Amino acid sequence: MSVPRRRWGIWLAVTLWLMPLLAPMQPARGAAPPATEPASEGLASDEALAPAPQGMITTGAAEEPGELASKGPHGLGLCLSGGGYRAMLFHVGMLWRLNELGYLPKLDRISSVSGGSITAGALAVAWSGLRFDAHGVATNFNEQFVTPVLRMADTDVDVIAGLIGFIPGLSASCHVEAEYRKHLFGHRTLQDLPDRPEFVFDATNQQSGVLWRFLKRYMADYRVGMIEHPRVELAVAVAASSAFPPVLSPVRLKLKESDYVPIKGTDLHYPPYTTDVFLVDGGVYDNLGLEPVWKDYETILVSDGGQPFSPDPKPTAEKVLQTLRVLNVIQSQVRALRTRTLVGDYFKSGARKGAYWGIATRIAKYKVPGALPCPPEKTDALARYPTRLAKVPQAIRQRLINWGYAICDAAMRAFVDKTAPPPAGFPYPAQGVG
């Protein structure tokens, strides 16, 4: 095959790969797919999670490096899933309700991946300016936190970044970093984050195949090593956490061996693993952001804005799209396993307290008085909104925030704080959930 024809073949393959990402999400051919929750069959995935210690399924990524390890489950951890701008806005609604309930100052650690990391990063930037009253409610929450995230939801990032990434010598991730820097983070570094709650931005190390964590105290991969007090920009950490492969990835970190401090158990502590780090979306490894939380925290709150897996009665035989479908099946099963472990082994057994809520959860399952009206056909449509870093229409923004607010409220009042009063209404009453 000639060089021009080979190049056209590559571009065609890329275009076919990008089609599901860049086109609006359509129902499966021949059927309107139900927005079922991962691992929902035989599992009340909206029940409080309680892991039996003997049933825990964790990896080394769940361990704190070396002497930083905790002395047992303690405190309150919050996990924010991936899911592009859809998840970003869904999590805004969740945090809105947690703020009204006075839970923001109670948080000890916030772990996030991908779209959830955009939300978490915005909260980290806003934190020092939040004015908490005697009940732990930030009275300027909207001004400090919600407004900047809404501005981010008005931007188009992924298409331009993806096209830039196919130009030799240019990087898609650099464009994503620049957009985050411009609209949310400026040139703040991890050292500008608050000490409490501790924010953890999770990426996947493409070389080691495990989690790479960005925190104020350190950044680390349990197989590669740990760097204390990193001065990495927040925009870079969030771009790494949301570097959807292969369009927006990788984010590369150029480091020195001398940057690392010794820790036990590192089997890849040598170049190029230590000096030229390739990072992709944290959701590749753990799309719920659970690993940094579920071993060491007594109470766990999980907000899942990930798109539910949809059945397809007539899957394509085209090679690229067939491969994507298979990868989606694999990713769905990994997510289902984590959810099943959290709910079935952690919450139900009483080993942990807390709650899980998902964008595809049925609010009626919580059986709480005063739950906001959220018809399943309306929330299913929100759950199927495309996983993009692309401008979201104002009405959809408000509905996603309303839905995150409503389902968080129901889960919290069902399993965490049964004395909490029901909400007066949606943050955006005119929109509801559609």
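1. Contact here means heavy atoms within 4.5 Å. Among contacts in the protein chain between residues at least 6 apart in sequence, 79% join residues at least 24 apart.

2. A word on the source. This is a predicted model, where local features need pLDDT of at least 70 and side-chain atom pairs count only at pLDDT 80 or more, while totals for chains, interfaces and linings use all residues. Residues are numbered from 1 along each chain as its sequence is written, and side-chain values use heavy atoms, with hydrogens and water left out.

3. The protein chain holds eleven helices and ten strands. Both are DSSP runs, numbered from the N terminus: helices are H or I with at least four residues, strands are E with at least two.

4. Of the 434 residues in the protein chain, 55% are buried. Buried means under 20% relative accessible area, exposed means over 50%, and partly exposed lies in between (1.4 Å probe, protein chains only). The accessible surface of the chain comes to about 18100 Å². Carbon and sulfur atoms account for 58% of that surface. These areas come from the Shrake-Rupley method with a 1.4 Å probe; for residues, only the protein chains shown count as cover.

5. Look at α2 (residues 84-100) and α11 (residues 394-415). They pack at an angle of about 45°, with axes 7 Å apart. Axes are lines fitted to C-alpha atoms, for helices over the stretch in contact, and angles run from 0 to 180 degrees between N-to-C directions. That makes α2 oblique to α11. Under 35 degrees counts as roughly parallel, over 145 as roughly antiparallel, 65 to 115 as roughly perpendicular, and the rest as oblique.

6. The crossing of α2 and α11 is right-handed. By class, the contact has 13 nonpolar, two polar and five charged residues. Ala, Val, Leu, Ile, Met, Phe, Trp, Tyr, Cys and Pro count as nonpolar; Asp, Glu, Lys and Arg as charged; the others, Gly among them, as polar.

7. Next, α3 (residues 115-127) and α6 (residues 172-185). Their angle is about 40° and their axes are 11 Å apart. They are therefore oblique to each other. Ile118, Gly121, Ala122 and Val125 in α3 meet Tyr180, Leu184 and Phe185 in α6. That contact divides into six nonpolar, one polar and no charged residues.

8. Thr119 also sits in α3. Thr119 is buried, at 0% relative accessible area. Beyond residues up to four places away in sequence, Thr119 touches Leu80, Ala87, Met88, His91, Val92, Leu95 and Phe145.

Methods. Left-handed = near helix turned anticlockwise from the far one by under 90°.
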